[in-house]
Amino acid sequence: MMNELSLIARAELHGDAVAFRTTTLTRTYRELLARSASVASVLLGTEDDLEEARVALLVPAGFEYVAAQWGIWRAGGIKLPLCLSATEFEWEYALTDSGVSAVLANGHMAEKMAPLCLRLGIRLVDIDSMESVPSRVLPDIAPERRAMILYTSGTTSKPKGVVTTHANIQAQIESLVEAWEWSAADRIPLFLPMHHIHGIINVTSCALWSGATIEPFERFEMQAILERVREDAYTLFMAVPTIYVKLIQTIEVASESDRRAIVGGFARMRLMVSGSAALPASVHEQWTALTGQKLLERYGMTEIGMGLSNPYHGERRPGAVGQALPGVEVRLKAENGDIVTEEGVPGEIQVRGPGVFRAYWNRPEASAETFDGDWFRTGDMAVLETGYYRIMGRLSVDIIKSGGYKLSALEIEATLLEHPLIAECAVIGLPDDTWGEAVTAVVVTKNQVQIELPGLRDWCKGRLSVYKVPQRLLVVPELPRNAMGKVTKPAVKSLFL
Ligand code: MLC
Ligand code: AMP
């Protein structure tokens, strides 16, 4: 077939290899193809091609998730994965902003989504009750067609949809498969959320491209995963820094024999990767001291896929993110607008290449602003030191990274301002040993009433995903402002010094 997606064509070659393994069953690539063809047929109904209709996905990580994802793609749709733990407000925003026409869900997620779909008049397909459908001709999908929308927070109060094409996704996968030498012999646990690229591209898509085997978990189920680590179930492991911190805490209090077994399992893996947030050099060094493994830290972003990586062969430097990955061009642009040509001079990381997204969904202005010619402006600052990039921080104080999730301080502020007792607020990220940054709210209350953190957290939980809910609260008589009367976040941060 002319325009069959490469991931699908490769899956045909992987045939009877095991794509997914759980404690109770295994699923082959052939089964994945058959199931995704059924999903595509059900979505298409009497149509020939979904013509880039948006289809949302609310399915836990695993076989059914990928079958649904591939089904959407094979039918010509754009896939929008939703956060399983998001609130109804957050789902509604994503569904309406992107103009979703159908939602694929299963289990209790289908039940949870039903009232919202009914209210918005969106078709809900419960894939648990979906029969297998006789095969039919599926449309040709050109690589330039749009494939996925991922909502990412940034310097706006509402998340923006990052749109990537099939060609972008393929470029992102091929770069990592080459750099980290993925093969069909690889086995990897999948415990990251499936609405972000770390789980979708780095783990799942690279594994399936390579004919490897994935062991899915609904979330980071530490004990179950460690059990399998001891059994040498995995060759590869990919996680955010918070997970390595939590693993160190657990291993340190384990009995001597448990500790030896777990550490042995990690030590024997061929590669362990950290990314999505800064890995403190101290955590990198602690992990090496415990397991003998040198973590490979890499840097990426929803808009670009992965950009920089320490080498698979060669020095993996604590505190650094290495060099540009295959197919990725990286430059630093200094504050004065000059392109940095020397080591030791900081600049904004800008990225170009076939993996870089085209535009935010329906936001031409934001899309135009984010490019400098054909270079994507990441908003992250870095410096080159003896051949390796080191991330120095972000240009915007309004972006928080907590547990590997990118959060918009402005989105959290907008929500807090709906609280009946809050008059003004400023949200910042404060350094935190486990989470990287802790969401911290500094508020001025109406009539100086006192509010407490537990009550505020409960109020927020119906409105914001759990990781956006403030972890710390400070009630102040007024917010620090500059001469122009504008709240200054550095001054807000200094309240905690
Ligand atoms: C959860 N909790 C938090 C929190 N998140 N507390 C502080 N800060 C946070 N960010 C609290 C909950 O309220 C709960 O409290 C308790 O921790 C347990 O919650 P949980 O959700 O069960 O936590 P856990 O499963 O341990 O989750 C931790 C985690 C998860 C690290 C596994 O956050 C995670 O999967 N992060 C990965 C995100 C990711 O994939 N990012 C990639 C984006 S793509 P209580 O009181 O109820 O017990 C990207 C590009 C790139 O960045 O480069 O990859
Ligand atoms: P997201 O928008 O969720 O894809 O998050 C991308 C952001 O995560 C980047 O812009 C960086 O700020 C941050 N990030 C990813 N990897 C690293 C890393 N290794 N070190 C520091 N920051 C990172």
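**Ligand 1**

I began with the surroundings of ligand 1 and counted 26 residues around it. Arg219, Lys246, Ser276, Arg298 and Lys401 are the closest. I note here that the model is predicted.

Next I looked up polar contacts. The side chain of Ser276 places an N or O atom 2.6 Å from an oxygen atom of ligand 1. For the side chain of Arg298, the distance from an N or O atom to an oxygen atom of ligand 1 is 2.7 Å. Gly300 takes part through its backbone: a polar atom there is 3.3 Å from an oxygen atom of ligand 1. How much of ligand 1 does the protein bury? I get 77% of the 1,100 Å² that ligand 1 exposes when taken alone.

I then asked which elements build the shell. Helix H7 (197-210) and helix H9 (241-253) each supply at least two residues, and so do strand E13 (296-301) and strand E22 (399-402). By class, I find twelve nonpolar, nine polar and five charged residues in the shell around ligand 1.

**Ligand 2**

Ligand 2 has 16 residues around it. Glu297, Arg298, Thr302, Asp380 and Lys401 come nearest. Arg298 and Lys401 were already on my list of the closest residues for ligand 1.

I checked the polar contacts here too. An N or O atom in the Thr302 side chain is 2.6 Å from an oxygen atom of ligand 2. Glu297 has a polar side-chain atom 2.9 Å from a nitrogen atom of ligand 2. Thr152 has a polar side-chain atom 3.3 Å from an oxygen atom of ligand 2. On its own, ligand 2 has 500 Å² of accessible area, and the protein covers 94% of that.

Which element gives the largest share of this shell? I find that E13 does, with five residues. Strand E21 (388-394) also supplies at least two. The classes in the shell around ligand 2 are six nonpolar, four polar and six charged.

**Helix H6**

I moved on to helix H6, residues 166-179. Its 14 residues reach 20 Å from first C-alpha to last, close to the 20 Å expected. Is H6 largely enclosed or largely open? Ten of its 14 residues are buried, so the rest of the structure largely encloses H6. The buried residues include His166, Asn168, Gln172 and Ser175, along with Ile169, Ile173, Leu176 and Val177.

What do these buried residues pack against? I listed helix H1 (6-14), helix H3 (63-74) and H7. Strand E7 (146-152), strand E8 (160-165) and strand E14 (305-309) are partners too.

**Positive phi in two loops**

Most residues other than glycine have a negative phi. I therefore wrote down two further exceptions. Asp232 is not a glycine, yet its phi is positive, about 60°. I located Asp232 in the loop between helix H8 (222-230) and strand E11 (236-239). Its relative accessible area is 32%, so Asp232 is partly exposed.

Gln448 is not a glycine either, and its phi is also positive, about 60°. Gln448 sits in the loop between strand E25 (436-445) and helix H14 (453-461). Is Gln448 buried or exposed? With a relative accessible area of 57%, Gln448 is exposed.

Note on methods. Residues are numbered from 1 along each chain as its sequence is written. Chains are lettered from A and ligands numbered from 1 in the order in which they are written. This is a predicted model: local features need pLDDT of at least 70, side-chain atom pairs count only at pLDDT 80 or more; totals for chains, interfaces and linings use all residues. Side-chain values use heavy atoms; hydrogens and water are left out. A residue is near a molecule or strand if one of its heavy atoms lies within 4 Å of it. A polar contact is a pair of N or O atoms within 3.5 Å; within protein, one must be able to donate a hydrogen and the other to accept it, and residues adjacent in sequence count only if both atoms are side-chain atoms. Accessible areas come from the Shrake-Rupley method with a 1.4 Å probe; for residues, only the protein chains shown count as cover. Helices (H or I, at least four residues) and strands (E, at least two) are DSSP runs, numbered from the N terminus. Ala, Val, Leu, Ile, Met, Phe, Trp, Tyr, Cys and Pro count as nonpolar, Asp, Glu, Lys and Arg as charged, and the others, Gly among them, as polar. The expected span of a helix is 1.5 Å times one less than its number of residues. Buried means under 20% relative accessible area, exposed over 50%, partly exposed in between (1.4 Å probe, protein chains only). Contact means heavy atoms within 4.5 Å.
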